[in-house]
Amino acid sequence: MRIETDLKLGFTDVMIRPKRSTLNSRSLVSLDREFSFLHSKYKWSGVPIMAANMDTVGTFEMATALINHKLFTAIHKHYSLQQWKEFMLTADENMTNYIAVSTGIGTADSKKLAAIFNQHPELKFICIDVANGYSEHFANFVKKTREKYPDKIIMAGNVVTGEMVEELLLAGADMIKVGIGPGSVCTTRVKTGVGYPQLSAIIECADAAHGLGGQIVSDGGCKIPGDVAKAFGGGADFVMLGGMFAGHAESGGKTIEINGEKFKQFYGMSSETAMNKHVGGVADYRASEGKTVEIPYRGAVENTVQDILGGLRSTCTYVGAIRLKELTKRTTFIRVQEQHNQVFSK
Ligand code: 5GP
């Protein structure tokens, strides 16, 4: 046994220090970013915020709403080929730039991935997603996927440490999804004791990825727009959101009425609810590592998007970053023991 004693930080451990700036309006700030990739030859431009590949978040309806702001959606892996066909028939002509096809690492997953690309060779992004990106089998799967799809942009995860970011980039991934345990409906830390405070994970993994010419996607743990700003400030190239995009008209999942008020069901992809729905129950050798919650219905996601983008533009003006790209180098985090004033919070 060994103990590492240097302190690892989450979003609530810091604030961003304001800096003298010449920017006098948020409207001057550009949130667009352009990326080229380590392996794929494609280029990407847009606002680097992503809806998570959860079936109560990363839906076709979500992608249709988010593309209006050039935001990205990792489409969950449970759509059928027929549903993909119907969606792609009506979709915006730029849709292939703003969605990823998600897959696990089982044989059935890779067959389905192949079938989707066979049907829609124009799709560009693959999101290879497992809860624990530390297995050798996972790195091998990334390698095989790169061999099979040399031109696609591959995002893979999840991991939280620099050495694994490097290994997965070298195995063929372009972007690495970072986050173990911070998610709003995740119970990994409760069930296993494993995890890594998200801000430190971002800082350390971004450093490793950028050193090799790769990108990272900070995945999980953002509760408010200020957390999204902190994730970018820490070095995230993309920020993936689950809970913040859940509960809307475009989020999948059941709508429930309780005492005349509308709620939407939201659940982790390893929750009992998800496993019952997609794989016929929780296998007896494993524990569910996700929660099911009902959250108040929040209407169209458009309002939430405006709120997040408005917050982020404001962060940029506070530190004098005219482009989102400059936010990291203009960020000084201060360690704090207080966050926002909650006296009038419900
Ligand atoms: P959020 O933005 O809601 O805090 O986090 C979203 C992320 O939580 C997802 O993108 C995914 O990485 C993670 N996640 C989703 N479902 C589960 C689950 O059932 N268990 C765990 N451990 N993580 C989950």
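In the predicted model, the axes of helix H4 and helix H5 (residues 162-171) come within 8 Å and cross at roughly 30°. Because angles under 35 degrees count as roughly parallel, H4 is described as roughly parallel to H5. On the H4 side, the contact is formed by Phe-138, Ala-139, Val-142, Lys-143 and Arg-146, which meet Glu-167, Leu-168 and Ala-171 of H5. Five of the residues in this contact of H4 with H5 are nonpolar and three are charged, while none is polar.

Helix H4 also contains Glu-136. This residue, Glu-136, counts as exposed because its relative accessibility is 63%, and the threshold for exposure is over 50%. Glu-136 and His-120 lie 16 residues apart along the chain, and their C-alpha atoms are separated by 30 Å.

Helix H3 comprises 13 residues (residues 107-119), which should span 18 Å at 1.5 Å a residue; the end C-alpha atoms of H3 are 18 Å apart, in agreement with this expectation. Within H3, the residues Leu-113, Ile-116 and Phe-117 are buried. They cover an arc of only 95° around the axis, and therefore lie on the same side of H3. An α-helix has 3.6 residues a turn, so residues three or four places apart point the same way. The other side of H3 carries the exposed residues Thr-107, Ala-108, Lys-111 and Asn-118. The cover over the buried residues of H3 includes helix H2 (81-90), strand E6 (99-103), strand E7 (125-129) and helix H4 (136-148).

Key
Residues numbered from 1 in each chain as written. Predicted model: local features only at pLDDT ≥ 70, side-chain atom pairs only at ≥ 80, totals over all residues. Heavy atoms only, no water. Helix = DSSP H or I, 4+ residues; strand = E, 2+ residues; numbered from the N terminus. Expected span 1.5 Å × (residues − 1). Buried < 20%, exposed > 50% of the residue type's maximum accessible area, 1.4 Å probe, protein only. Arc of directions from axis to C-beta. Contact = heavy atoms within 4.5 Å. Axes fitted to C-alpha atoms, helices over the stretch in contact; angles between N-to-C directions. Parallel < 35°, antiparallel > 145°, perpendicular 65-115°, else oblique. Nonpolar A, V, L, I, M, F, W, Y, C, P; charged D, E, K, R; others polar.
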